[in-house]
Each structure stands twice: as structure tokens, then as C-alpha cells.
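Please read the numbered points alongside the sequence and the model.

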Amino acid sequence: MTFVYVGNAESQSVTIFALSPDGALDEIDTVAVPGPAEPGSTTPMAVSPDKRFLYVGLRNEPYSAATFAIEAKTGKLNYVGSGPLADAMAYIAVDRGGKFLFGASYGGGKIAVNPIGDNGVVKPAQQVIAGQPNAHAVIADRANRHVLYTSLGNDIVGQLLFDAATGKLRPNDPPRVSVKAKAGPRHFRFSGDERFVYLLCELDGSIYVFPYNAATGRLGKETQVASALPPGFAGKPWCADIHLMPDGKFLYASERTSSTLAAFRVDAKSGALAPIASYPTETQPRGFAVDPSGRALLAVGQLSNSLTSYAIDPERGSLRPLRQYPVGRNPNWIEMVSLP
């Protein structure tokens with residue numbers, strides 16, 4: 001069974017659905033996230049590698065991460081506890097060993113590492129790397145030896161070495177790779193085989209295709225710069241999220257000004273992107289996700305307060321809207337968990 005978790009910032013809640021193989025959703029529950037009465041701007045979320053815990057970051061003071069235990073049979077969430085974060089984190093991610101929580105602070109310009117206790121609750125930050133203006137994402141690679149992050153303000157992808165035993169980060173050599181000035185690197189994804197990294201830039205709508213050396217944790221020179229903007233786009237680009245199909249055949253990216261989802265076919269050998277189409281979606285789609293089976297894509301709209309499910313054509317990668325579902329206020333993040 002696949003369970004869907006939608007983070008609603010202004011409601012300070014998580015809406016839970018069960019996803020059927022045909023793409024239909026059945027609402028299970030809505031759970032309040034404990035924290036200050038004044039809601040934050042977004043609710044970044046992350047799932048532990050063993051799928052036991054869901055972490056929800058709160059961007060309202062005092063900044064914290066709430067831990068929920070996931071019931072394997074029902075998908076319901078049970079609150080375990082909360083721990084402090086070093087700042088308002090726009091992005092959180094768990095390392096591959098499930099022992100540390102990474103955070104990227106957009107407003108605070110920093111990357112942080114918090115240990116995670118045996119009970120799943122986040123402990124105070126043990127390391128904070130400052131001087132990263134508009135940090136927007138941070139992810140460890142599959143080997144859990146290297147970490148990449150984005151600094152939108154510096155127009156770079158940072159490269160770090162990670163000690164999974166201690167949770168300490170230190171600069172790789174070189175410590176960063178630059179993109180075009182004012183491109184605004186935001187979210188990124190590793191390909192399944194980790195031969196490539198796909199970077200979405202918020203401010204110009206570009207998607208960079210980088211070769212990735214998993215042995216060294218370094219990005220090579222970009223091999224392509226594609227565009228996530230729809231045909232005839234004339235506004236100010238405001239791209240948000242990017243995801244790959246589980247089999248790596250297709251890539252999708254969201255653009256908030258036009259409220260569209262861009263779809264691309266991925267060349268398995270070169271990693272190159274070929275555009276398929278742009279599809280209208282929920283208003284201001286900050287977050288979306290592809291289900292682990294690759295059959296469905298779910299997108300939420302920050303201004304529409306709803307979610308639309310799409311069927312993914314397995315051969316062409318095209319999206320077919322199925323149904324719209326109400327969620328909480330300012331939905332901005334989706335996590336999916338498949339459990340036996």
C-alpha cells in the first residue's frame with residue numbers, strides 16, 4: 001500500500017491519503033503538527049530510510065522538526081516529539097543511515113546537521129555551515145559519503161564530504177560548481193544510477209544536466225541546459241520542484257507563475273532531456289511527487305488548497321488528470337511511502 005502525506009503550512013497539518021493502483025486517493029486522516037500558533041510559510045517534510053518516521057519542519061519560531069511514527073498497516077501518523085532546528089529550514093532531508101537530519105535555510109543562509117535520537121526525535125544541531133545565501137536543498141548520495149546542496153544566492157551547487165559515523169560535513173575539492181548568474185539553483189535530483197544530477201533553477205526556469213562521479217562526489221561540466229518554462233511564457237520565472245520517475249525514463253518540473261508541470265523524456269545513456277509537453281496544474285505548484293510505482297503524479301497548489309492526481313503514460317510520459325482533492329491551507333509538500 002502507498003500512503004501520501006501532504007504538508008499544509010497555514011493549517012499546520014498533514015493530510016494523509018491512501019493511493020490506489022488506479023491513481024485514486026482515499027483520505028485517511030488529517031493530523032495537526034504541534035508548534036507555535038502562528039504558522040510558518042511552508043512545511044518541508046522528509047521520510048526516514050526505514051520508512052518508520054515522517055519529519056515535518058516548522059518555519060515559525062521557535063524553529064523545530066516534529067517527528068511522527070508511521071503506522072505500517074494504516075499509514076496513520078502518531079506524534080513522537082519535536083526537536084530544535086538551527087533556523088527556518090526551506091528543505092530537510094534524512095541521511096541514508098537515518099541518523100542525521102540535514103536542513104537548508106533560505107532566509108538564514110546556512111546548512112545544518114541535527115543528530116536523530118534512537119526514538120526518532122531530532123536533537124539540537126551539531127554543525128552549522130553559514131555563508132550560504134538562500135540555501136534551498138541538501139541531499140546525501142546513495143553511498144552516504146557525499147552531500148550536495150544549493151545556494152540560490154550564490155548561484156552554486158555545493159559539494160561536501162560526509163562522515164556517516166559522526167555526521168560531520170567538510171568541503172569537497174572543489175567545494176562548489178557554479179551556474180549562470182541569477183539562474184537561482186533550487187531543487188535537484190540524482191538519477192537512479194547516480195550517473196547524473198538534474199538541477200532546477202528557480203529564477204530563469206533552466207534545468208542543468210550534470211554528470212556525477214559517485215566515487216568522488218563531484219559534478220562534471222553540465223552537458224545540457226533545458227527549460228522548464230511552457231511555450232510562449234512571458235512572465236517572471238518561478239520554478240519550484242523537480243522529480244524523476246523511479247525507472248528514470250521521465251523527468252518533471254513545476255513552474256509557479258504559469259502553474260504548469262513540464263515533462264521530459266530522459267536518454268538513459270547520455271542523461272539528455274527531450275521535452276514532451278507542459279501541463280496546466282494546481283495554482284502555484286510548489287510541491288509535487290511521483291509515486292514509487294511510477295503510475296501516478298500528485299501535485300498541490302499553494303493558492304488552490306487542493307491536490308490533483310495524474311496518470312502517467314508509461315510509454316510517453318504524458319500526464320492525464322484524474323481527480324482533484326481538497327487538502328489544507330497552503331499545501332506545499334508531498335511525501336509518499338510504500339509499505340507492505
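1. R256 and E202 meet through their side chains in a salt bridge, 3.4 Å from N to O; a salt bridge is here a side-chain nitrogen of Lys or Arg within 4 Å of a carboxyl oxygen of Asp or Glu. The two residues come from distant parts of the chain, 54 residues apart: R256 is in the loop between β22 (250-255) and β23 (260-266), and E202 is in the loop between β17 and β18. Strands, like helices, are DSSP runs numbered from the N terminus (strands E, at least two residues; helices H or I, at least four).

2. The model is a predicted one, in which local features need pLDDT of at least 70 and side-chain atom pairs count only at pLDDT 80 or more, while totals for chains, interfaces and linings use all residues. Residues are numbered from 1 along each chain as its sequence is written, and side-chain values use heavy atoms, with hydrogens and water left out.

3. E202 also forms a salt bridge with R186, where the closest N and O atoms are 2.8 Å apart. Because E202 lies in the loop between β17 (196-201) and β18 (206-213) and R186 in strand β16 (residues 185-190), this pair ties together parts that are 16 residues apart in sequence.

4. Are the residues of these two pairs buried or exposed? Buried means under 20% relative accessible area, exposed over 50%, and partly exposed in between (1.4 Å probe, protein chains only). E202 is buried at 7%, R186 is buried at 2%, and R256 is buried at 6%. Through shared partners, salt bridges join R186, E202 and R256 into one network.

5. The structure holds eight salt bridges in total. One of them is formed by the side chains of D87 and K110, at 3.0 Å from N to O. D87 lies in the loop between β7 (77-84) and β8 (91-94) and K110 in strand β10 (residues 110-115), so the pair ties together parts 23 residues apart in sequence. D87 counts as buried at 13% relative accessibility, and K110 counts as buried at 18%.

6. In which order do the four strands of the open sheet stand? The order is β4-β5-β6-β7, with antiparallel pairing; two strands pair if DSSP finds at least two bridges between them. Since β4 (45-47) and β7 stand at the edges with a single partner strand each, one side of each is left without a neighbour in the sheet. The twist averages 20° from one strand to the next.

7. Within this topic, strand β5 (residues 53-58) and strand β6 (residues 64-70) run antiparallel and are joined by six bridges. L58 stands opposite S64 in β6. P62 has its place in the loop between β5 and β6, and the peptide bond from E61 to P62 is cis, with omega near -5°.

8. Further backbone features deserve a check. Most residues other than glycine have a negative phi, and most peptide bonds are trans. A cis peptide bond joins D173 and P174, with omega about 5°; P174 is in strand β15 (residues 168-178).

9. D155, in the loop between β13 (146-151) and β14 (156-163), has a positive phi near 55° and counts as buried at 10% relative accessibility. For N305, phi is also positive, near 55°. N305 is found in the loop between β26 (296-301) and β27 (306-312), and at 30% relative accessibility N305 counts as partly exposed.

Notes. Axes fitted to C-alpha atoms, helices over the stretch in contact; angles between N-to-C directions.
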